[in-house]
Amino acid sequence: MTDSPRRQDLPKKIKRLDEGVVNRIAAGEVVQRPANAVKELLENSLDAGATTVTITVKDGGIKSLQVQDDGCGIRKDDLDILCERHTTSKLRSFEDLNSINTLGFRGEALASISYVSHLTVTTMTALEETHGWKASYKDGAMNPPTSRPAAATKGTIILAEDLFYNVPLRRKALRSASEEYNAILDVVSRYAVFRAGSAIAVKKLGEAKSDIATPAGGTRLDAIRAVYGAAVARNCLPVELKTNEVNYGEEEKESKNGNGNGEELQCSVSGYITGADYAGRKTQLVLFINGRSVDFPPLKRCLESTFASILPKAAKPFAFFDITMPASDVDVNVHPTKKEVAFLYQEELVEAVRAAVEEALLASNAQRTFKQTLLPGAPVPNALGVIEDGSTLGGGGGGGQPSYYRPDKLVRTDAKVQTLDAFAPSSQWNNERPRSATAANAATVPAEGEEEEDEEAMIEEETDVGAAVGAPIFDGNEGLLAAPRRKKRSAAAAAAAAATMNTTIPACLDAAFLPTAMEIAASALANTQSTPQQTQDVPTMAAPVRHRSNPTQSSGLESVERLLALAESTAHQGVSEVLKTATFVGLADSHRALLQSGTRLYLVDLTTLTRDMFYQQALRRFGQAPRVVLCPAVPAVQLALVALEAEEAAGQWQDGTQSGKKEEIAELLAALIQKKAGLLGDCFSIQVDVERQGALDSLPQLIEQYHPPAEYLPQFVLALGQNVDWQEESECFKGLAEALADLYCLHPDPELDAWTPLLEEKVEKGGDGGAANIERVHRIEREKRRREWEAAHVLLPALRLFLRPPRERARDGTVVELTRLEHLYRVFERC
């Protein structure tokens, strides 16, 4: 008797699985983690033509996951079968896979999500004008079985809650909420770059700020900048490739094509890669093939080897590629999550992309950017070489931070440090007689009804340390001036002081005959008497120069305020900063100065800058400027004749019957000035003596301790007749302010500019002209020193306080950067 077979040896019976079990297993393949669900829903939104997609996540997508778009929506009739497996609007037959252009095609995404979460869909199409429809799903079926009306906008909102609530093992296997959220960001980042122009945003539930937000209508480079940062976008190099075949030999091509049937690779590649200047934390490859985000390990390995052979060691590049191939060459149905695709000519494609990347990287080597990184604990200097705690580089800093020696930033800009002038003996230039009759015989008188301002009302500009406060100020130009006043003086006291000065230094300007402008100054210089106090030696170091603050009240005229606002509105901040922080180095010629600002050396045109400043000052002190009295008053007729003679000598005007006689024109100019005497006096403090042929009695004081040169008074009178439109108010005031600016500005001196050190040495050795030329050398030297003192202690402080430089001064050659200490230091290092 044989033994009966044991039960365990018998084969088990095959049973059909319950449909719910099958669907749940399939759902586990499609939706492995929240990032997979986001990818499927995002692809559905893009297939629906959405231009705006907003993704809201809670607890890494486990608690809540919502995707809202503005696509075409879902028909109400299709809501019943929306979450059933293999229901789709993108595929009709299996052959359609050979030409599929949509991202989804199986109809499994929503069904899989509904089996592992609580799914709610709210949708509205363009045909529905009043409201949308809302439906809830569980295990692929609508629950409850009917949809209900709901408030909605055009598009679809899909909400998945409690993901994997019925698959506890899968839920336990998920990572932390932050890691799952980062995985969602990685997926959305790829599609945000690929679909540049669509506004795609990701944020956490309850937060106003999005972690990813791409601009609508932006370029792909804009999307890279928004998603991966400005450092990546700044270093991106474009890669473009469009080919029908790879450059192989005929024999190799036949071997690759199998039978040599003539089939060729057809592809179009566009993308970006980072160059040698970028160093990331990890290599990032974003690859799309026919619009699908896929992984292609062979291409990634090839690119990594290419980058390693060209880029610096340990460089971690970023690369994005959008590869388009014929749909018939790509098989998209090879992976449950569509993470991978299969396609023809893989090796040819890899080689073509490698060649394009290598070409782009080698071309980028022609331009490199290097950045300097400070060591830990090193102080961070600003553009002026000043450390954040206020100390300068190379000096002892405070705040506990170590101060490192940086010779390329070590500059001296402290005006309190003793200058080389302190070691020079007193020179004869201090005793030089006044430059002009205007300067020698001018007394500053406050405007009518105005008292001298006390010390608190003055703006002090420090010059050299060592000057005794209260000591006389001698500038070689204006004679002996009073020390800074500490007490108020009435207008009567000021007039008495002016009268004393006038009697002490009499004027002898010959008003009867003024042949040339230069002879006016020469006559005044030759006959001006000096007091014994003037002839004594005065220390070279000067006391502080004090500039009177501008009036605070408005001029009361809209035209003047408009002109001043227009001049100040075009101020260039960079030029202003240079002037405010500059240290005076010296004069390059008679009207150009060298200024040091931080570690930079500038050459500035003082003629242009002072003209701008005096134009603005004439408008600021409109009707309120103190008066500079001219003793004696100069007849306008004589000044006009001098100006006309200069014009005739220069060939710019010819005396004749058509243009008129000089005397006639001079009389007309004098009559015009007499007629406008009231306007000139009230608005610009230009006093005109009507009873003495329109003689000029006073000029405005635009800045302190500075008076206009008398040799340019004739041109000023001529400008009043030629350049001023007396009919229109705004143009009249503008022309008068420009005429005053031309009079007061620092004018070039051709004699000083033509005088070279070589010529000076030749004269001093007695080889050219003897004693007369030696005296000329001394006079030119004194004039140079006087101009240098005036530029350093009068004009430059005034420019800092009052000038609002126009924008064109930064590009018309008025302010030119010559060099920087950093550049010179590199030169010295090589020597």
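**Salt bridges and a helix contact**

In this predicted model, Asp612 and Arg809 join their side chains in a salt bridge with an N to O distance of 2.6 Å (a side-chain nitrogen of Lys or Arg within 4 Å of a carboxyl oxygen of Asp or Glu). Asp612 belongs to helix 17 (residues 606-620) and Arg809 to the loop between helix 25 (771-802) and strand 28 (815-820), so the pair ties together parts 197 residues apart in sequence. Helices (H or I, at least four residues) and strands (E, at least two) are DSSP runs numbered from the N terminus. Asp612 is buried at 11% relative accessibility, and Arg809 is buried at 13%; buried means under 20% relative accessible area, exposed over 50% and partly exposed in between (1.4 Å probe, protein chains only).

The count comes to 21 salt bridges. Within helix 25, Glu781 and Arg785 lie four residues apart, about one turn of the helix, and their side chains meet at 3.4 Å, N to O, in a salt bridge. Glu781 is partly exposed, at 29%, as is Arg785, at 34%. Salt bridges with shared partners also link Glu783, Arg786, Arg787 and Glu790 into one network.

Residues are numbered from 1 along each chain as its sequence is written, and side-chain values use heavy atoms, with hydrogens and water left out. Local features need pLDDT of at least 70 and side-chain atom pairs count only at pLDDT 80 or more, whereas totals for chains, interfaces and linings use all residues.
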